[in-house]
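Please keep the sequence and the three-dimensional view at hand while reading.

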Amino acid sequence: MPMLLPHPHQHFLKGLLRAPFRWYHFIFHSSTHLGSGIPCAQPFNSLGLHCTKWMLLSNGLKRKLCVQTTLKDHTEGLSDKEQRFVDKLYSGLIQGQRACLAEAITLVESTHSRKKELAQVLLQKVLLYHREQEQSNRGKPLAFRVGLSGPPGAGKSTFIEYFGKMLTERGHKLSVLAVDPSSCTSGGSLLGDKTRMTELSRDMNAYIRPSPTRGTLGGVTRTTNEAILLCEGAGYDIILIETVGVGQSEFAVADMVDMFVLLLPPAGGDELQGIKRGIIEMADLVAVTKSDGDLIVPARRIQAEYVSALKLLRKRSQVWKPKVIRISARSGEGISEMWDKMKDFQNLMLASGELTAKRRKQQKVWMWNLIQESVLEHFRTHPTVREQIPLLEQKVLTGALSPGLAADFLLKAFKSGDY
């Protein structure tokens, strides 16, 4: 051991491999010390690792990675101009400046590789600030996240405008993340939700952000989670995510919010339609909209049908049973009572600990979604795969090769490639 210590880490590890020990356990930190204060010649982070456990087995060296990154690690590669830009956005964001919030969301939505790196630095700073604020709030969440979904024509935008005005008048700060479906042909979106909320868009305690899905399934954008975090960092205590309402892929929304609310028009078919779509299984609250005028009777019938339908579904919470209510954004009937039920849900879930557990699970889902996206992007841009894709696509189109065999071939090419 004393003979190995003066050498750089690469030689140190090679020396360990030649050692006659059956096994040994080491912990290296990103400093100029090894293990418990043993000095070494150069920092271990020269190998690009921050904290790594190495275990020497009889068949070689096995690594267990334990990454401990800090904010300094993220900001080291930024130029002075980039650092000033991120600091400006961060300081403006936590002060509640709407322009900085808008610019920050635009940054995280960018697909430019360098802007993605800047966005991650900003998100890390906001996340640290967010955790500090939660700790000062005795560990309770700073904001109430609500997902709103429903078929086209259910009156989602009309409801949000009335509901949002009511909340801001009661002293809340509301952020609405309105997601619009993108065209498969042009890739563009109408982004018209903000124009349908004229009163709310002028309210200084409300922030409306329309975003395109850009082909993302689940009625949410690729960066909805990041936008939620930024809005909470800017001081908004109620976050509404209005989604496309596309069917079973709406499950993605439930992995981002505390409460999932389903809005249904009074003439949306029988209760089996809701169960068949799969959305009703995730709903914590079902609201039958447009319950006024001639539609009161159909709304009552739909309410009764969904009450009976919910009894057939498996219970998802130990403390909350999904409710079905009737509301009218035109007359305001039932909307105040709806907010009371939403607060009851939040209080019960907080008291039972289910909300905390749900958010922890959502953090894991968020991480794995990003991993899947990154792995797929890495796979598509891999040189070996990129060269083979046009040839294999042509063979699949002509019927010379099945899609399954083509996929297997690409995976083998990816694994054997030098990456």
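## An enclosed helix

Helix H8 (residues 224–233) is largely enclosed by the rest of the structure, because 10 of its 10 residues are buried.

Just after H8 comes Gly-235, which takes a positive phi of about 100°. What is the distance in space between Gly-235 and Gln-95? The two are 140 residues apart in sequence, and their C-alpha atoms are 8.0 Å apart. Gln-95 belongs to the loop between helix H3 (80–94) and helix H4 (98–109). Gln-95 counts as exposed because its relative accessible area is 57%, and the cut-off for that class is over 50%.

## The whole model and its confidence

The protein has 419 residues, and 42% of them count as buried. It contains 15 helices and 12 strands. Among contacts with a separation of 6 or more, 71% are between residues 24 or more positions apart.

The mean pLDDT of the protein is 77, and 70% of the residues reach 70 or more. Where is confidence lowest, and where is it highest? The lowest mean, 38, belongs to strand S3 (residues 38–39), and the highest, 95, belongs to helix H12 (residues 335–352). Over residues 1–68, pLDDT stays under 50. The model has 102 contacts beyond four places in sequence for residues 1–68. Where pLDDT is low, the predicted coordinates should not be read in detail.

## A covered strand and its partners

Strand S6 (residues 144–149) is mostly covered, with 6 of its 6 residues buried. Phe-144, Val-146 and Leu-148 point one way from S6, while Arg-145, Gly-147 and Ser-149 point the other way. Residues on both sides of S6 are buried.

Which strands are joined to S6 by bridges? Strand S9 (residues 238–242) runs parallel to S6 and is joined to it by 5 bridges. In this pairing, Leu-148 stands opposite Glu-242. Strand S10 (residues 259–264) also runs parallel to S6, and 4 bridges join these two strands. Here the bridge partner of Ser-149 is Leu-262 in S10.

## Positive phi in two loops

Arg-138 has a positive phi of about 60° although it is not a glycine. Arg-138 is placed in the loop between helix H5 (113–136) and S6. Is Arg-138 buried or exposed? It is exposed, because its relative accessible area is 72%.

Lys-290 is another residue other than glycine with a positive phi, in this case near 60°. Its loop runs between strand S11 (285–288) and helix H11 (296–310). Lys-290 is partly exposed, with a relative accessible area of 35%. As background to both cases, most residues other than glycine have a negative phi.

Glu-199 lies in helix H7 (residues 198–201). With a relative accessibility of 41%, Glu-199 counts as partly exposed. Which residues does Glu-199 touch, not counting those up to four places away in sequence? On that basis, its contacts are Glu-161 and Lys-165. Glu-199 and Tyr-162 are 37 residues apart in sequence, and they are 8.9 Å apart from C-alpha to C-alpha.

## The second largest pocket

The second largest pocket has a volume of about 800 Å³. Its lining consists of 26 residues, and Glu-281, Met-282, Lys-315, Arg-316 and Ser-317 lie nearest its centre. By class, the lining has 13 nonpolar, 2 polar and 11 charged residues.

Which helix gives the largest share of this lining? Helix H13 does, with 5 residues. Helix H9 (251–254), H12 and helix H13 (354–381) each supply at least two residues of the lining. One of these, H12, is also the element in which confidence is highest, at a mean of 95.

Technical notes
Residues numbered from 1 in each chain as written. Predicted model: local features only at pLDDT ≥ 70, side-chain atom pairs only at ≥ 80, totals over all residues. Heavy atoms only, no water. pLDDT = per-residue confidence, 0-100. Contact = heavy atoms within 4.5 Å. 1 Å grid on protein atoms, 1.4 Å probe; cavity = no way out; pocket = protein on both sides within 12 Å on 5 of 7 lines; lining within 4 Å. Points joined across faces, edges and corners; volume = space filled by probe spheres on them. Nonpolar A, V, L, I, M, F, W, Y, C, P; charged D, E, K, R; others polar. Buried < 20%, exposed > 50% of the residue type's maximum accessible area, 1.4 Å probe, protein only. Pairing = 2+ DSSP bridges.
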